[in-house]
Amino acid sequence: MNSANIGSKISQSLAQLSLASLLVWLQRTVKNLLLPLTGIVIFLFIWQIAASNIITSLGQFPGPSDVWQQSKTLVAEHRQERQKAEAFFTRQDLRNAKKLAKNPNANVKIRPYTGKATYFDQIFTSLYTVMFGFLVATFIAIPLGILCGLSANAYRAINPIIQTFKPVSPLAWLPLVTMVVSALYISDEPMFEKAFLTSGFTVALCCLWPTVVNTLVGVASIDRDLIDVSRVLRLSSPVYIKTMVIPSAIPLIFTGLRLSLATGWMVLIAAEMLAQNPGLGKFIWDEFQNGSSSSLGRIMVAVVTIGIIGFILDQLMLGLQKRVSWDKQAILR
Amino acid sequence: MQFSKAHTFTDRLFSCVKVSLTLALLINGTTAIAELGEPEKDQLRFGFIKLTDMAPIAVAYENGYFEDEGLYVTIEAQANWKVLLDGVIDGRLDGAHMLAGQPLAATIGYGTKAHIVTPFSMDLNGNAITVSNNIWEQMKEYVPVEDGKPVHPIKADYMKPIVDKFTEAGKPFKVGMVFPVSTHNYELRYWLAAGNIHPGYYAPHKGDSSGTLNAQALLSVTPPPQMPATLEAGTIQGYCVGEPWNQQAVFKGIGVPVITDYEIWKNNPEKVFGMTKEFTEQYPNTTARVVKALIRAAKWLDENDNANRPAAVKILAQSNYVGADYDVIANSMTGTFEYEKGDKRSVPDFNVFFRHFATYPFYSDAVWYLTQMRRWGQISKPKPDQWYFDVAASVYRPDIYKTAAMELIEEGLVSAAEFPDFASESGYRAPQKEFIDEVVYDGTQPNAYLKKFSIGLKDEVL
């Protein structure tokens, strides 16, 4: 065979290879992209038809087009509010300058903007409230779960309490948390808003249970061989926990954390509505109270936003879980 | 702000002259208001309920009147009247849009006890009573008609036969109002009693705070934004509430406003701006400045025969204030009021913010609310006249109002003629005759007033 033949044979096989890989890529794209897209489009279609047939006393039930309209309005309002904020600071600077001109030793203060929080501010508030609640819950739940998982006696003692408090709804906790926060958190210059603390603690109380349960199951189901190895090596408890218990329980701990975050995000919206923490829950409640013709559309925008953020949070946790998990063969969804 | 560095002698001279000229002008311009000092607390938080008569607060913010006084105010909607009152009492809110009865009830200890004062009356009128379509259809049989339209005012007498039918059938006739010490509660009761329908007594000394003792119509509490929903659901047959919730019922086609409180008592006091006594004592300059800004806002709202009302409605339609549709709010704030759908009548004084000395906290207004609290049993024992005068004097603060007003007159922002004559004003209005049942109210004789009603407690204890 001469080099030309070999060359053409190689290029032929290369072409076949790239064609094959193209087909594989195409198949994967259809599966991963087009199928979900088709599902979404069909759903939007059904939603639009159903919405145009439901007439409420506040107007037609919002369909996808209303949601799109209202989301554009919310973005415009956000921009307007930012402009107002700039004007506010300009006025404040002028006022302070006048004061200084009158009396160079005058005590001038820079005050924060007094206007309303925009939709995006509210999303941000919801996010950091849920993070606060989630972190508080995690710091309580994981040690508690490890304790109950390692010690059968601790489990027997604590389990009834866990099972009793697990089903309690956030709406039942809220009045109690409000009263406790009001009574205990008294200071002249509060760092945190009471509504923020109330919402955060309510979220924590409701979302710690999935993590506790999953952690204790994960810890309790540690491989017997590992326990024997630790006995042989005479590992001290902290080392044993750090090198064996936690890594082997990570998959279940993360399952618990993901469930907790999802629960926490759901609970947050309810808690915010009642505690009036300025997040998405309060946005929905205020829109409902307003009863304007655009209220339902705006509430629907909030619903979609809540869903999308919940989805993103879950995917973030999933990504974290994949990085931390030692079993790269395990399929994580 | 950067002041340029002067390098040469002439530059320095010029800047000296500039600064001293500015100083001279500013000092001369400010000696007149040197009396009222800087606000002690400049970051304030005010609460309100989503009703159109929170307008003075919104306007004072949006038009920059608060900022002119050096106040940085955050305005927050509250979930309901109880949360609002608790917010003021525990200090979360520095002041709030309140029902006229709230400072009085809190100070005498009906409900949570706290000494709340009010230096500013926010408006007159602004409420209406709406009934469900069903009840209206039944009432139309009895309501006199002229030129095809019902004759106003529609007295509760025309509703009495329907209430009697409900009683005979054993069904409760339920009506909603917004708070046990709300103006709406007292106006509703006044209207019902004038039509010979008993609205029930309170007996707090016996532990009964439902207000339904001996009642033919059962009154219950619902927060204003939820009123149309409860009417639609059939939980109540009617309600008394402020705007935009009556016009909202018309727009949604679920109810018909039958009477406004303007027709029950012409130019009745409605909302006040309440603060704790501690706040007014700890921060007197701040309080006076808040009142100044609110007076300016009230004046703007009524200026030039309500010319600014459309602009005010635009502000109120923002989602962080009242949030209802522009048209719904405009329906009652721009000089008209819609009763039955399509029956829009001219009511230019449906909301009065500044005219007729609306912002002055008259003692006789406080005494009226106290008499109605006594009439319905919220004050369980009869009280001597002096008690009424003392409570009114401890809650209503025309002295703070006067300080603010004098400042505004000096600054030339409001003329002295637009205020009552402070030298001679006693705080008690002349006897008022324009009530729906034509009983004359003289604030200086509360017990004699109570004796004039056929339904209502006089000297007895339940």
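Start with one bridge. In chain B, Ala128(B) has Thr260(B) as its bridge partner in β14(B). This is a predicted model, by the way. That bridge belongs to a strand pair: β6 of chain B, residues 127-132, runs antiparallel to β14(B), with 5 bridges between them.

Now widen the view. How many strands form the open sheet in chain B? There are 5, in the order β12-β9-β13-β6-β14, and the pairing is mixed. Two of them sit at the edges: β12, residues 218-221, and β14, residues 255-260, of chain B. Each has a single partner strand, so one side of each has no neighbour in the sheet. On average, neighbouring strands here are turned by 25° against each other, direction ignored.

Next, the helix on this sheet. Helix α10 of chain B, residues 245-252, lies across β6, β13 and β14 of chain B. Against β13(B), residues 238-242, α10 runs at about 125°.

On to empty space. Rolling a probe the size of a water molecule over the atoms shows where such space is left. With a threshold of 30 Å³ or more, a search of the whole structure returns 2 cavities.

Take the largest cavity. It holds about 50 Å³ of space. Which residues line the largest cavity? From chain A, they are Gln276(A), Trp285(A), Asp286(A) and Gln289(A). From chain B, they are Ile49(B), Lys50(B), Ala77(B), Gln78(B), Ala79(B) and Pro225(B). Helix α9 of chain A, residues 280-290, gives the most to this lining, with 3 residues. By type, the lining of the largest cavity splits into 5 nonpolar, 3 polar and 2 charged residues.

The second largest cavity has a volume of about 30 Å³. Among its lining residues are Ile129(B), Val131(B), Met159(B), Phe173(B) and Trp191(B). Strand β6 comes back here: β6 and α8 (183-194) of chain B each supply at least two lining residues.

Last, confidence. The model scores ipTM 0.73 and pTM 0.82. Chain B averages a pLDDT of 89, and 93% of the residues score at least 70. Over residues 1-6 of chain B, pLDDT is below 50, and the stretch has 3 contacts beyond near neighbours in sequence. Over residues 21-34 of chain B, pLDDT is also below 50, with 8 such contacts in the model.

Methods
Residues are numbered from 1 along each chain as its sequence is written. Chains are lettered from A and ligands numbered from 1 in the order in which they are written. This is a predicted model: local features need pLDDT of at least 70, side-chain atom pairs count only at pLDDT 80 or more; totals for chains, interfaces and linings use all residues. Side-chain values use heavy atoms; hydrogens and water are left out. Two strands pair if DSSP finds at least two bridges between them. Helices (H or I, at least four residues) and strands (E, at least two) are DSSP runs, numbered from the N terminus. Axes are lines fitted to C-alpha atoms, for helices over the stretch in contact, and angles run from 0 to 180 degrees between N-to-C directions. Contact means heavy atoms within 4.5 Å. On a 1 Å grid over the protein atoms alone, a cavity is a set of points where a 1.4 Å probe fits but cannot get out, and a pocket is an open set with protein on both sides within 12 Å along at least five of seven lines; lining residues have an atom within 4 Å of a point. Grid points are joined across faces, edges and corners, and a volume is the space filled by probe spheres set on the points. Ala, Val, Leu, Ile, Met, Phe, Trp, Tyr, Cys and Pro count as nonpolar, Asp, Glu, Lys and Arg as charged, and the others, Gly among them, as polar. pLDDT is the predictor's confidence in each residue, from 0 to 100.
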